[in-house]
Amino acid sequence: MAREMACRKCKFVTTGKVCPSCKSSDLTPDWYGVVLVVDPQTSRIARTLGITAKGKYALKVT
Ligand SMILES: [Zn+2]
């Protein structure tokens, strides 16, 4: 299984080389905490983190 990488810009977690959310290639393996956003409209965590699209995000990117 490929190592999951988190996007430094929007915290999106992906196994690809490019962030599918913001198209950035600025990814890092140094992240922890997973936030699964199913409904960004009603999710308080999503609002706090500034997430507007559903998906899997890192809580903290180092
Ligand atoms: Zn991104």
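Colleague: Let's start with Phe 12: is it buried or exposed?

Modeller: The general idea is a split by relative accessible area: under 20% is buried, over 50% is exposed, and anything in between is partly exposed, using a 1.4 Å probe and protein chains only. Phe 12 comes out at 14%, so it goes in the buried class. Bear in mind that this is a predicted model, where local features need pLDDT of at least 70, side-chain atom pairs count only at pLDDT 80 or more, and totals for chains, interfaces and linings use all residues. Residues are numbered from 1 along each chain as its sequence is written, and side-chain values use heavy atoms, with hydrogens and water left out.

Colleague: And aromatic pairs, how many are there?

Modeller: You look for rings of Phe, Tyr and Trp (its six-membered ring) with centres within 6.5 Å; planes under 30 degrees apart are stacked, over 60 edge-to-face, and the rest tilted. Here the count is 1. Phe 12 and Tyr 57 make an edge-to-face pair, with 5.2 Å from centre to centre and 80° between the planes. Phe 12 sits in the loop between β1 and β2 while Tyr 57 is in strand β5, so the pair ties together parts 45 residues apart in sequence. Tyr 57 is buried too, at 3% relative accessible area.

Colleague: You're using strand names already. In what order do the strands of the open sheet lie?

Modeller: Helices (H or I, at least four residues) and strands (E, at least two) are DSSP runs numbered from the N terminus, and two strands pair if DSSP finds at least two bridges between them. In general, strands of a sheet pair through backbone hydrogen bonds, either parallel or antiparallel. In this model, 3 strands form an open sheet in the order β2-β1-β3, with antiparallel pairing. β2 (13-14) and β3 (27-28) are at the edges with a single partner strand each, so one side of each has no neighbour in the sheet. Strand β1 (residues 5-7) is joined to β2 by 2 bridges, and Ala 6 has Val 13 as its bridge partner in β2.

Colleague: Next, salt bridges. How many does the rule give?

Modeller: Side chains of opposite charge can pair when their charged atoms come close. The rule asks for a side-chain nitrogen of Lys or Arg within 4 Å of a carboxyl oxygen of Asp or Glu, and it finds 2. One is Lys 56 with Glu 4, at 2.9 Å from N to O. Asp 26 forms a salt bridge with Arg 8, their closest N and O atoms being 3.0 Å apart. Here Asp 26 is in the loop between β2 and β3 and Arg 8 in the loop between β1 and β2, 18 residues apart.

Colleague: How accessible is Arg 8?

Modeller: Arg 8 is partly exposed at 43%, as is Asp 26 at 30%. Lys 56 is partly exposed as well, at 28%.

Colleague: Last one: how many disulfides?

Modeller: You need a pair of cysteine sulfur atoms within 2.5 Å, and the count is 0. Cys 10 is partly exposed at 22%, and Cys 22 is partly exposed at 34%.
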